[in-house]
Amino acid sequence: MSDQVSRRSLLAAGAALGLGSGAQAEASQEQEAPPQRGRSMVGVPFERHDTVRLAIIGLGNRGGGMIGSFLAVPGVKVTALCDVNATAAARAAKAVTDAGQPAPALYTKGDHDYENMLRRDDIDLVYVATPWEWHVPMALASVREGKHVGVETPFATSMDELWQLVDASERYQRHCMQLENCCYGQNEMRILRMVHAGLFGELLHGAGAYNHDLRELLFSDTYYAGEWRRAWHTKSRLKGDLYPTHGLGPVAGYMDINRGDRIVRISSMGTPALGLAEYRKAHEEPGDSSWRERYVESDMTISLLQTAKGRVIRLEHDVSTPHPYSRLNHIAGTKGVFEDYPPRIYLEPRNTNHQWANFDEYKSYDHWLWTDVPPGPGGHGGMDYYMVYRTIQTMRLGLVPDMDVYDGAVWSAPVPLSSKSIDQGGAPQPIPDFTRGRWRENRPGVDSVKPA
């Protein structure tokens, strides 16, 4: 696609939404990109590893819970573990030795002991599952020390940090990935293959969300160490979508974001922040430390994102009001629509009676991970294990990873930009092209071909 055609398409799409010139927005986004100091990581394969030597930073609920999945994948050796909580580290080390592996080295001497761990020469992959404020410094330190790194969500919480991750990955030629487990859900992978098979026709719009009532856990004295996650609801610079990637990652996959299309702008609105204060009033004693907190994070954030091809994505975030769990997981095109929670589908020419059809009728489109790889341990219905299995497989075979630093950056860009849009009354915010033009390339993603 030429720059001229791209700008004309964006101008028409922007005019349709009343959002101004797409050409001007694209130009400004290109100007925002910092100078490139390394080579693009698009299409860069891992070096082959007979054994992937793993280090984990953060051994609480998420990190500690993922050890079983890593240990169940052939070709993984856990060489080092790091956590400020020595008890958690020891518990994780026992899981490693119980699996028949040598005892891993432990790093538990304060907040920055991970830096000592990263200097080891027996680590290929670092998995970061710490409180959010540590994701970026730990990822940057990992790639600087020559390690590939997988980071839990969110990738980062500011635009400057997102560019730092892109820059470091390119500069040191190490993969820095947002390991988004929801991209590996059975429904998500089935829909992805159906989209690529053309069953939905030309895509028009989709939706993703993280609507999860976390109030009890946010106020728990033990679940989040030091109650760190609730503190993010008090930060005045962040009033929008704090956790966009579970919903956005799969929909971005359906739309081939960074692989033929890209997200160019976001416009967000947020409700008042009432839910956590109301829950506190009903459940917390008057002397609890939470009474000193003022919550500013919107109870519900609703964002509209538009792509260069004019497609629209609705994104929602709500963790502080009562409702059943949902990631929405919705995709629609010229031939039909799928909606999740519960799963239901309507595709022409098979469906013509205005009645939802049973999604089980499309099991033949399940991804090979779900049909050919035996299930392993771990949570979230199996997606955690398949994410780990595939990540290790790409490293052992020397393949290009399913997701790269550019995916992680665009998936987490709504964290700062939704907040900025809310502060500006819903004004659209440009999302930069983290790939620096390479989003136009048609290349593989999570919809992988089974290796021979």
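Predicted model: local features only at pLDDT ≥ 70, side-chain atom pairs only at ≥ 80, totals over all residues.
Helices here are DSSP runs of H or I with at least four residues, and strands are E runs of at least two, numbered from the N terminus. Below is a friendly tour of its domains, helix packing, salt bridges and backbone details.

**Domains and their interface**

- The domain assignment of the protein chain gives domain 1 as 52–178 and domain 2 as 184–367 + 402–440.
- Taken over C-alpha atoms, the centres of domain 1 and domain 2 are separated by 25 Å.
- Domain 1 brings 20 residues to the contact, and domain 2 brings 27 residues.
- Between them, the two domains bury about 2200 Å², with 68% of that area on carbon and sulfur atoms.

**Helix α7 and its partners**

- Helix α6 (residues 135–144) packs with α7 at an angle of about 10 degrees, and their axes are 9 Å apart.
- Angles under 35 degrees count as roughly parallel, so α6 is roughly parallel to α7.
- On the α6 side of this contact are V136, A139, L140, V143 and R144, which meet E161, Q164, L165, A168 and Y172 in α7.
- Sorted by class, the α6 contact with α7 has seven nonpolar, one polar and two charged residues.
- For α7 and α15, the packing angle is about 180 degrees and the axes lie 10 Å apart.
- Because angles over 145 degrees count as roughly antiparallel, α7 is roughly antiparallel to α15.
- L162, L165, V166, S169 and E170 make the contact from α7, while V405, Y406, G408, A409 and S412 make it from α15.
- The classes in the contact of α7 with α15 are six nonpolar, three polar and one charged.

**Helices α15 and α16**

- How do α15 (residues 405–412) and α16 (residues 414–423) pack, and at what angle? The angle is about 25 degrees, with the axes 6 Å apart.
- The two helices, α15 and α16, are therefore roughly parallel to each other.
- Their contact involves V410, W411 and S412 in α15 and P414, V415 and P416 in α16.
- That contact of α15 with α16 divides into five nonpolar residues, one polar and no charged.

**Salt bridges**

- Side chains of opposite charge can pair when their charged atoms come close.
- With a nitrogen-to-oxygen cut-off of 4 Å, the count comes to 23 salt bridges.
- One of them joins the side chains of R37 and D167, at 3.0 Å from N to O.
- R37 lies in the loop between α2 (22–32) and β1 (52–57) and D167 lies in helix α7, so this pair ties together parts that are 130 residues apart in sequence.
- Another pairing is between the side chains of R436 and E170, with an N to O distance of 3.1 Å.
- E170 also belongs to the α7 residues that make the contact with α15.

**Backbone details**

- The peptide bond from T153 to P154 is cis, with omega near -5 degrees.
- P154 sits in the loop between β5 (148–151) and α7 (159–172).
- E348 and P349 are joined by a cis peptide bond as well, where omega is about 5 degrees.
- P349 is in the loop between β13 (344–347) and α13 (368–372).

Note on methods:
Residues numbered from 1 in each chain as written. Heavy atoms only, no water. Axes fitted to C-alpha atoms, helices over the stretch in contact; angles between N-to-C directions. Parallel < 35°, antiparallel > 145°, perpendicular 65-115°, else oblique. Contact = heavy atoms within 4.5 Å. Nonpolar A, V, L, I, M, F, W, Y, C, P; charged D, E, K, R; others polar. Domains from an automatic or database assignment. Buried area = accessible area lost by both parts, 1.4 Å probe.
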